[in-house]
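Subject: Structure for you to look at

Hello,

Here is the structure I said I would pass on.

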Amino acid sequence: MTSVRRDPGAEPVRPTAEDAVAAAGSELIGGPAGRRALLGVSWWTPVRIIALVAIGMFALGMVQKLPCYNGGWFLGATAQYTHACYSDMPHLYAGRGFAENVVPYFDRIPGAADGMDYLEYPVLTGLFMEIAARLTPHSGSLQHQEQIYWMVNAGMLMVCAVVVAVCVSRTHRRRPWDALLVALAPAFALTATVNWDLFAVALTSAGILMWSRSRPLAAGVLLGLATAAKFYPVLLLGALLLLCLRAGRLRAFGTALGGALGAWLVVNVPVMISSRGGLHIREGWLTFYTFSRDRPVDFGSIWLVVSQRTGDPLDNVNVYATLLMLLACAGIAALVLCAPRRPRLAQIAFLIVAAFVITNKVYSPQYVLWLIPLAALARPRWRDFLVWQACEAMYFLGIWMYLAYTGSGDQHRGLPPEGYQLAVIVHVLGTLYLCALVVWDALVPERDVVRRDGSDDPSGGVLDRAPDAFVLGEARPAAAYEGPARVEWGVRRE
């Protein structure tokens with residue numbers, strides 16, 4: 001029998017030993033782990049604990065929606081806003097024809113109150129909504145059906161929440177406890193059942209996990225499926241392109257890109273192409289793209305603040321937002337190619353998605369779900385994460401109080417436009433604050449808590465410890481590991 005000498009550096013990192021906020025918070029459960037604590041010998045592994053915490057927080061988020069479940073979605077004009085428990089799900093059950101068995105993208109929605117002729121969501125999200133509708137009994141009053149529809153969706157999204165937490169905990173092998181940032185994030189619980197974004201977040205998190213395991217094809221397929229559920233995951237391919245360019249691993253990027261494109265086409269083409277009256281693009285499939293293009297300046301964006309303050313409707317907001325996004329991407333590209341050490345994948349992924357969130361013409365409160373897993377991987381520091389989460393929680397309350405103000409007529413009960421504009425600015429500043437810290441970590445790698453133990457890029461997969469092939473600045477290679485060889489059962493070495 002061969003004995004394997006364990007590398008001390010392979011032990012899981014204890015956040016209470018390196019993070020003062022985590023150490024202080026651990027006093028609620030007995031204090032930080034001691035030097036002689038036995039780790040990895042109990043059924044209560046970090047991944048299982050984090051999964052259970054994620055379920056618990058998700059359940060608390062469901063409880064927070066109770067005032068609406070019991071009447072706020074159905075009674076009164078502003079009750080769902082004053083209780084901050086709004087959700088799209090019960091409203092779209094009837095509003096998008098699911099109550100009448102309308103097939104998304106194929107059937108026109110009869111008599112939609114907002115003039116939407118077809119479902120305005122990407123194909124996989126539409127499939128998710130349709131499956132939930134099929135699982136909802138079409139009996140009893142419409143209100144009862146809408147309540148059950150929300151519950152069915154919540155159950156399916158709870159599975160997605162667990163997938164996100166587990167994927168984040170396994171992406172950085174030595175830092176599974178960083179996933180507690182995801183599981184305990186206040187905005188995660190508050191927004192998980194506002195819309196269906198958590199489905200795309202789960203697919204994206206799984207794609208990042210596969211990339212960290214040096215499986216670019218599987219990662220690409222998952223990112224392609226995620227893009228078929230929400231647009232933002234396609235941005236991660238841009239992050240991979242930049243990092244693979246610097247590392248000279250464009251073949252791996254090409255594999256991921258091919259997997260993403262293939263998966264996206266497999267899902268979309270059957271819905272996209274109509275053979276009636278000759279081959280053409282189906283109008284129902286195009287609705288998501290035309291709606292995204294044509295919608296005016298909307299809630300949550302910095303453009304709305306500008307529009308309200310100046311009185312200008314900003315008809316050319318698509319041009320302004322695109323130019324600003326391209327400028328941000330140019331800055332991120334310069335960071336990747338000029339930093340003294342190649343930034344980690346999670347850092348660049350967070351920055352590029354955050355840039356999209358800030359420059360976009362709409363910011364729905366659930367969009368914070370896109371950033372939470374990336375933030376936990378990019379900068380696992382409790383203090384800064386909680387500062388950002390506090391800003392997002394303020395915005396979450398701000399948008400509902402603003403809608404209560406605008407929906408209460410002359411009574412004006414809620415937050416006036418000036419207060420809502422302040423909430424938008426707080427959200428933007430909070431996101432920029434975290435972006436600035438991530439950039440600083442990339443420029444000064446010694447500050448990066450993930451790299452303090454000698455790690456390079458635990459989520460980088462083929463990029464981890466890869467030498468630079470194309471760099472514009474003075475490169476600083478990752479230090480080689482000089483300890484005893486690690487044996488990791490069940491992990492295929494390329």
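The notes below go from the whole chain to single residues and pairs.

This is a predicted model, in which local features need pLDDT of at least 70 and side-chain atom pairs count only at pLDDT 80 or more, while totals for chains, interfaces and linings use all residues. Residues are numbered from 1 along each chain as its sequence is written, and side-chain values use heavy atoms, with hydrogens and water left out.

The whole chain

The secondary structure consists of 21 helices and two strands. Here helices (H or I, at least four residues) and strands (E, at least two) are DSSP runs, numbered from the N terminus. Of the 494 residues in the chain, 53% are buried. Buried means under 20% relative accessible area, exposed means over 50%, and partly exposed lies in between (1.4 Å probe, protein chains only). The accessible surface of the chain is about 22,200 Å², and carbon and sulfur atoms hold 64% of it. These areas come from the Shrake-Rupley method with a 1.4 Å probe; for residues, only the protein chains shown count as cover.

Contacts (heavy atoms within 4.5 Å) can also be sorted by distance along the sequence. Among contacts with a separation of 6 or more, 71% are between residues 24 or more positions apart.

Helix H15

Helix H15 covers residues 283-294, and its buried residues are Gly 284, Trp 285, Thr 287 and Phe 288. Seen down the axis of H15, these buried residues fall within an arc of 150 degrees, so they line one face of the helix. The arc is taken from the directions between the helix axis and the C-beta atoms. What do the buried residues of H15 pack against? They pack against helix H7 (123-134), helix H14 (250-272) and strand E2 (280-281).

His 172

His 172 is in the loop between helix H8 (142-171) and helix H9 (180-183). Is His 172 buried or exposed? His 172 is buried, because its relative accessible area is 1%. Leaving aside residues up to four places away in sequence, His 172 touches Arg 344, Leu 377, Val 450, Pro 458 and Ser 459.

Aromatic rings

Rings of Phe, Tyr and Trp (its six-membered ring) pair if their centres lie within 6.5 Å; planes under 30 degrees apart count as stacked, over 60 as edge-to-face and the rest as tilted. By this rule there are 28 aromatic pairs. One of them is the stacked pair of Tyr 81 and Trp 400, with 6.2 Å centre to centre and 5 degrees between the planes. This pair links distant parts of the chain: Tyr 81 is in helix H5 (residues 79-82) and Trp 400 is in helix H20 (residues 382-407), 319 residues apart. Tyr 81 counts as buried at 15% relative accessibility, and Trp 400 is buried at 3%.

Phe 288 and Tyr 289 form an edge-to-face pair, 4.9 Å centre to centre, with 75 degrees between the planes. Phe 288 counts as buried because its relative accessibility is 14%, whereas Tyr 289, at 32%, counts as partly exposed.

One aromatic cluster is formed by Phe 231, Tyr 232, Phe 299, Phe 356, Tyr 363, Tyr 367, Trp 370, Tyr 395, Tyr 402 and Tyr 420.

Charged side chains

A salt bridge is a side-chain nitrogen of Lys or Arg within 4 Å of a carboxyl oxygen of Asp or Glu. The whole structure has 19 salt bridges. One of them joins Glu 120 to Arg 96, with the closest N and O atoms 2.8 Å apart. Both residues lie in the loop between helix H6 (88-95) and H7, 24 residues apart. Glu 120 and Arg 96 are both buried.

Glu 283 forms a salt bridge with Arg 108, and here the closest N and O atoms are 3.7 Å apart. Glu 283 belongs to helix H15 and Arg 108 to the loop between H6 and H7, so the pair links parts of the chain 175 residues apart. Glu 283 counts as partly exposed at 44% relative accessibility, and Arg 108 counts as partly exposed at 44%.

Asp 384 forms a salt bridge with Arg 383, with the closest N and O atoms 3.0 Å apart. Asp 384 counts as buried at 2% relative accessibility, whereas Arg 383 is exposed at 54%. Salt bridges that share partners also join Arg 246, Arg 341, Arg 342, Arg 451, Asp 456 and Asp 468 into one network.

Regards
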